Each structure stands twice: as C-alpha cells, then as structure tokens.
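Please load the model in your viewer and keep the selection panel open. The stops below go one element at a time.

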Amino acid sequence: MDFFIQLLVNGLSIGLLYGLSAMGFVMIFKSSSVLNFAHGELLAMGAFLFLVLTTWAGLPVYLAFLITLAGSFVLGFAVERLFLRPLIGESLIFVIMLTVGLASIFKGILLFFFGGNLHTYPEFLPAGLGLQFGNVFVPPVYVASSFIGIVFLVLFGLFFKFSSQGIFMRSVADNQTAALSLGVHVKKVFALSWAIAAMVAGMSGIVLGVINGINVHEISAIGLKVFPVVILGGLDSIGGAIIGGIIIGLLETFTCGYISPSLRDVVPYAVLVCILLIKPYGLFGLVDIERV
Amino acid sequence: MTDNPSGIFLQLNNISVVYSDVIQVLKGVSLSVEKHRIVSLLGSNGAGKTTTLKAISGLLKPENGKVTDGSISFDGAVIQNSSPEQITRKGIIQVLEGRQPFKYLTIEENLKVGTATRWTRPYKKDLEMVYDYFPALTKRRKSLAGYCSGGELQMLVMGRALMAHPRLLLLDEPSLGLAPLVVREIFRIIRRINEEQGTTIILVEQNANMALQIAHYGYVMENGKIVMEGEARSLRENPDVKEFYLGVGAGGKTRTYKDIKSYRRRKRWL
C-alpha cells in the first residue's frame with residue numbers, strides 16, 4: 001500500500017509537469033494552429049540555461065530560476081518573431097517542417113556546447129522539504145515540482161480567465177476573423193503564446209532535470225511526450241492537457257513500479273495509439289458547441 | 001475637415017478588389033458616406049457588398065484579397081490595404097456576416113474583447129451602455145456564447161462592436177436568419193445607436209424594405225458595381241428597386257406567374 005501511495009505521489013508530480021509543458025504546446029496550437037515539434041528542445045534549452053547559470057555562473061538558485069524563466073520567455077518570443085511570423089499564411093506543412101528544423105538546430109547547439117553526457121545540478125533543495133506521511137516519504141524534488149506546478153497552473157488559470165490579454169488570447173483561439181474584426185492584435189497574441197509556452201517549457205525542463213539529471217537526448221525525448229499527452233487530452237483543450245499529463249504521468253510511474261522500468265517510455269505511446277483508435281479527438285477535444 | 005459635421009466621412013474612389021491575384025470582385029466602386037448617417041448597401045448575393053465592407057475594414061488581407069485600384073479615405077486619411085489592426089484603431093469596426101461570436105467565451109468576456117482597440121479600458125460604463133441597448137443580454141452575461149440563440153448572438157456581436165466606440169460601424173446582414181419580430185427589434189436598435197451615439201453606419205442588407213426604412217441614403221450593387229444610388233425615400237419609390245428588391249410590382253402588388261408575361265423584366269444597367 002505504501003508503495004502504491006509512493007508511486008501515486010511521484011506520478012502526480014511528474015504528470016503535473018507533463019501537463020504544464022503540454023499546456024504550452026496546446027496554447028500555440030490553439031492560437032495559431034502550429035504543431036510545435038521543437039517543444040522538447042525548448043525544455044532542454046531551459047534546463048541547460050539553468051545549468052549554466054547555477055554551475056558555471058554560480059548564481060543563487062532563485063535568481064537563476066527567474067533568469068531562466070525570463071530567458072525562455074524571450075527565446076519563445078524571438079522564435080515566433082524570426083521564424084514563424086514570415087510563414088503566416090503559408091501551408092501547414094511548411095510550418096511543421098520549420099519547427100522540425102528548429103528542433104534540430106537547438107539540439108545541435110546544445111550537443112555542441114554540452115555534449116551528450118549526463119549533467120547534474122548541484123544539490124540545492126533543502127532536505128527538510130521532503131514530506132513524511134507514515135511510511136511514505138516524498139522526496140524534496142517531488143514536493144518542489146508539485147508546488148511549482150500547482151502555482152503555475154493557478155497563475156495561468158487566473159491569467160486566462162481575468163486578464164484582458166488572456167481573454168484576447170482565448171478570443172483568437174476561438175474565432176480568428178472575429179478577433180481581427182475587433183482589432184485584437186493577432187500577431188501579438190501569437191508571439192505571446194510562443195513566449196509563454198517557451199517559459200513553461202523551460203520551467204518543466206529545470207524540474208525534470210532536477211529529477212532525472214539532464215541529458216540533451218533524454219530531455220528532448222521527454223518533450224515529445226507532449227504528443228501522447230495532448231492527444232489524450234484533446235489537442236485544443238488546455239484543461240485536457242493538464243489532465244492528460246497527469247494520466248500519462250501516473251501510467252508511467254505505475255508501469256515502472258509494478259511491471260518493468262524498461263516499459264516506462266513505451267506506455268504513453270501505446271496509450272496514444274489506443275486513444276487515436278477509440279477517441280480520435282481525445283478525452284476533452286470533442287466538446288464542440290454546435291449551436292450557433 | 002474632421003469637425004465638419006456634414007462633410008464626407010468615408011470615401012471610396014473607384015476601387016477594384018481582386019482575390020488571389022486573379023478573381024476580380026469589385027470593378028470600380030465609388031461611394032461616399034457622410035457623418036452621422038445610415039447608408040444602406042443593397043444587392044443580390046454575390047454582388048460584392050460584403051467585399052466592399054471588407055475592403056473598408058481591412059479584412060480582405062487574411063482572405064488573400066487586395067484593393068488593386070482606386071483609393072479609400074476615412075476622415076482625411078488614406079486607408080486602403082492597411083491592416084485591420086490599424087483600421088480598427090481609427091474607429092472602423094465591422095460586424096461580420098453570420099454572427100461570429102467567441103463560442104467558448106461568456107457573453108461578458110465576448111463584450112470585453114470589444115475593448116481591444118482602446119488603450120485605456122475602463123469598460124464598466126460601456127458594458128452598462130451595451131446592456132441598456134440590448135437588455136436581453138443582461139440575464140445571460142455569465143453563459144457561454146455558444147449556447148445562446150441567434151437573436152441574442154446578433155445582439156451580442158453588435159454590442160461587442162459598440163464596446164470599441166466605433167465612429168463608423170459596418171453591419172453585414174444583421175437580419176440574417178432571424179425571426180421578423182427580432183429583425184424589427186434589431187433595426188430599431190440600429191437606428192437608436194445612430195441617433196444617440198452619432199455613429200455613422202453602413203448597413204448591408206438583403207432585407208431592402210427594412211434597410212430603406214431606417215437608412216438615409218442607399219446604394220444598389222450588382223456584379224461588383226454600383227448601379228443606382230439615392231436618398232432612401234426616393235429609392236423606395238423607384239420602380240426598379242420596387243420590383244427587384246422590394247418584391248412589389250408596378251401596380252403595387254406582387255407579380256404572379258399566373259399572368260401572361262409575368263417573367264421578370266430583365267433590367268440592364270449601364
């Protein structure tokens with residue numbers, strides 16, 4: 001039973017991270033219909049930026065964290081401005097190929113500077129952060145990642161629900177022509193969704209790096225897990241992305257714990273195939289309001 | 001020029017519009033709109049009414065259309081082929097045909113999007129103004145737009161446009177698919193907006209009868225050209241308009257196919 005709860009907690013906190021990074025992916029897709037194949041690399045960029053800031057520059061952790069978030073935000077903004085904006089109006093396949101190309105470029109840059117080896121962050125989480133429930137011990141990393149995950153989730157929820165920028169972003173995702181007719185700056189909305197997506201991805205990259213150590217290949221592969229997550233949740237549902245992330249996270253940890261660790265990375269894709277066969281729009285993607 | 005109350009507010013000077021570089025839809029349309037007036041644009045399907053509106057509001061661009069010839073000036077500034085972001089900020093707001101709400105946003109959030117063109121956004125007062133014009137929206141303010149009825153949605157999209165404080169409002173077929181009573185209500189509100197807010201309005205309509213009742217001036221389009229124009233009153237009395245758009249024959253009653261030679265007299269415009 002303790003083992004079960006242990007797995008449950010680990011799965012939830014990993015899943016929350018998957019959900020958050022999938023949320024960034026869904027935001028880009030919803031506002032501009034672009035499938036971002038470079039999402040994993042955005043995670044890796046964040047993770048390595050944090051590595052550079054903490055180990056090489058020796059900055060305090062909280063400062064490094066904030067700078068990484070800001071840096072990722074700028075990176076996302078720049079990617080949209082430099083690469084995607086010229087392609088607005090081109091056919092989807094060009095845009096997708098562009099993101100595949102971006103993925104290779106980012107990966108190449110990271111491999112060039114850091115090589116393919118495993119790096120680790122210095123130990124910075126206080127041991128006191130771990131929680132002890134009876135016989136179950138939750139390691140500090142998982143406590144921290146759940147905390148960060150929930151904080152970000154609430155922040156974004158409030159942002160989308162109440163801020164005018166958030167409402168504009170939802171309006172563009174909902175009906176682009178109508179948003180244009182009212183003078184919403186659609187290009188600004190695209191840029192902002194890339195920036196936010198990159199920021200959340202960078203954040204997830206850091207936390208995943210703390211949990212597993214950082215390696216270019218592994219982190220960008222984790223980034224690809226947004227695909228099973230968003231397809232499970234529904235490509236166009238932000239709430240679905242979060243729930244999909246949690247489901248995939250739980251599935252992974254339970255498979256790892258009860259069946260075999262080597263199956264861990266296979267399960268999400270097996271789920272992906274089943275979902276595509278049974279419910280191609282995902283769990284939450286089908287709720288299209290037909291009454292107009 | 002700006003403060004001249006009876007001056008020309010919007011001027012389309014012999015404009016041509018081409019989609020995808022090959023399909024010519026407008027072939028030299030000229031029209032002018034004076035401040036604080038309601039101008040109606042009539043014509044059959046495919047005459048180019050919607051395209052004319054989109055040429056004004058800049059919404060041709062996303063559809064790969066372009067003003068290739070002529071000029072559009074609004075309040076002294078040349079605006080043809082400007083982006084919709086720039087044009088809306090000059091105060092021209094188009095209400096799209098077929099009611100395009102943000103389905104997954106609540107009524108109030110929909111209205112809030114209407115403030116996008118304004119930097120300072122104290123929108124509470126504007127919400128009250130919109131609810132005053134469209135009381136039907138008040139009790140639905142928290143519900144998703146996707147679940148509202150057609151009449152409510154038409155009120156919603158018009159209210160959303162009002163939130164932007166438009167100086168020129170382009171209405172594309174507000175009566176489309178609505179029950180006659182609702183249509184009458186909507187037209188009454190359009191006239192009220194024009195009278196109380198002083199908003200200049202271009203009204204595209206199939207329902208020529210209704211449109212000419214509230215409009216001051218009218219243009220008739222056919223095949224991408226303006227074929228007739230005049231004061232609304234004189235258009236209502238014009239025998240051709242009566243026959244083709246109001247469905248009333250020369251004798252004041254509807255033509256029937258029972259009579260000999262009851263087929264439509266084909267009018268050839270210049």
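Are H11(A) and H12(A) parallel or oblique to each other? Select both helices: H11(A) and H12(A) are oblique to each other, where oblique is what remains after angles under 35 degrees (roughly parallel), over 145 (roughly antiparallel) and 65 to 115 (roughly perpendicular) are set aside.

This is a predicted model, in which local features need pLDDT of at least 70 and side-chain atom pairs count only at pLDDT 80 or more, while totals for chains, interfaces and linings use all residues. Residues are numbered from 1 along each chain as its sequence is written, and chains are lettered from A and ligands numbered from 1 in the order in which they are written.

**Stop 1: two helix pairs in chain A**

Stay with H11 (residues 238-259) and H12 (residues 267-278) of chain A, whose axes come within 9 Å and cross at roughly 130 degrees. Axes here are lines fitted to C-alpha atoms, for helices over the stretch in contact, and angles run from 0 to 180 degrees between N-to-C directions. Helices (H or I, at least four residues) and strands (E, at least two) are DSSP runs, numbered from the N terminus. The crossing of H11(A) past H12(A) is right-handed; that word applies if the near helix is turned clockwise from the far one by less than a right angle, and left-handed if anticlockwise.

Show side chains for Ile248(A), Leu251(A), Glu252(A) and Thr255(A) in H11(A), which meet Val267(A), Pro268(A) and Val271(A) in H12(A). Residues are in contact if their C-beta atoms, placed from the backbone, lie within 7 Å. By class, the residues of this contact are 5 nonpolar, 1 polar and 1 charged. Nonpolar covers Ala, Val, Leu, Ile, Met, Phe, Trp, Tyr, Cys and Pro; charged covers Asp, Glu, Lys and Arg; the others, Gly among them, are polar.

Next select H2 (residues 39-56) and H9 (residues 216-224) of chain A, which pack at an angle of about 135 degrees with their axes 7 Å apart. That angle makes H2(A) oblique to H9(A). The crossing of H2(A) and H9(A) is right-handed. Residues to display in H2(A) include His39(A), Leu42(A) and Ala47(A), and those in H9(A) include Val216(A), Ile219(A) and Leu224(A). The contact of H2(A) with H9(A) has 9 nonpolar, 4 polar and 1 charged residues.

**Stop 2: the four-stranded sheet of chain B**

Move to chain B and find the open sheet of 4 strands, in the order E2-E1-E4-E5, with antiparallel pairing. E2 and E5 (77-78) of chain B stand at the edges, each with a single partner strand, so one side of each is left without a neighbour in the sheet. Helix H1 (residues 49-57) of chain B packs on this sheet, touching E1, E2 and E4 of chain B, and its direction makes about 70 degrees with that of E2(B).

Now select E1 (residues 8-19) and E2 (residues 23-34) of chain B, which pair in the antiparallel sense over 9 bridges; strands pair if DSSP finds at least two bridges between them. Gln11(B) stands opposite Ser32(B) in E2(B). E1(B) and E2(B) form a hairpin with 3 residues between them, and Ser20(B) in the turn has a positive phi of about 50 degrees. Toward E4 (residues 65-74) of chain B, E1(B) makes 8 antiparallel bridges, and Leu12(B) has Ile72(B) as its bridge partner in E4(B).

**Stop 3: the six-stranded sheet of chain B**

Which strands stand at the edges of the next sheet? The sheet is open, has 6 strands in the order E6-E7-E8-E3-E9-E10 (chain B), and shows mixed pairing. E6 (92-95) and E10 (225-231) of chain B stand at the edges, each with a single partner strand. Neighbouring strands of this sheet are turned by 15 degrees against each other on average, direction ignored. Select E3 (residues 38-43) and E8 (residues 200-205) of chain B: they run parallel and are joined by 5 bridges. Ile38(B) stands opposite Ile201(B) in E8(B).

**Stop 4: contacts between domains and chains**

Colour chain B by domain: domain 1 is 1-91 + 166-270 and domain 2 is 101-165, with bounds from an automatic or database domain assignment. In contact are 12 residues of domain 1 of chain B and 11 residues of domain 2 of chain B. On the domain 1 side, H7(B) gives the largest share, 5 residues.

Finally, show both chains: the contact takes 27 residues from chain B and 19 residues from chain A. On the side of chain B that touches chain A, H2(B) gives the largest share, 4 residues.

Terms used:
Two residues are in contact if their C-beta atoms, placed from the backbone, lie within 7 Å.
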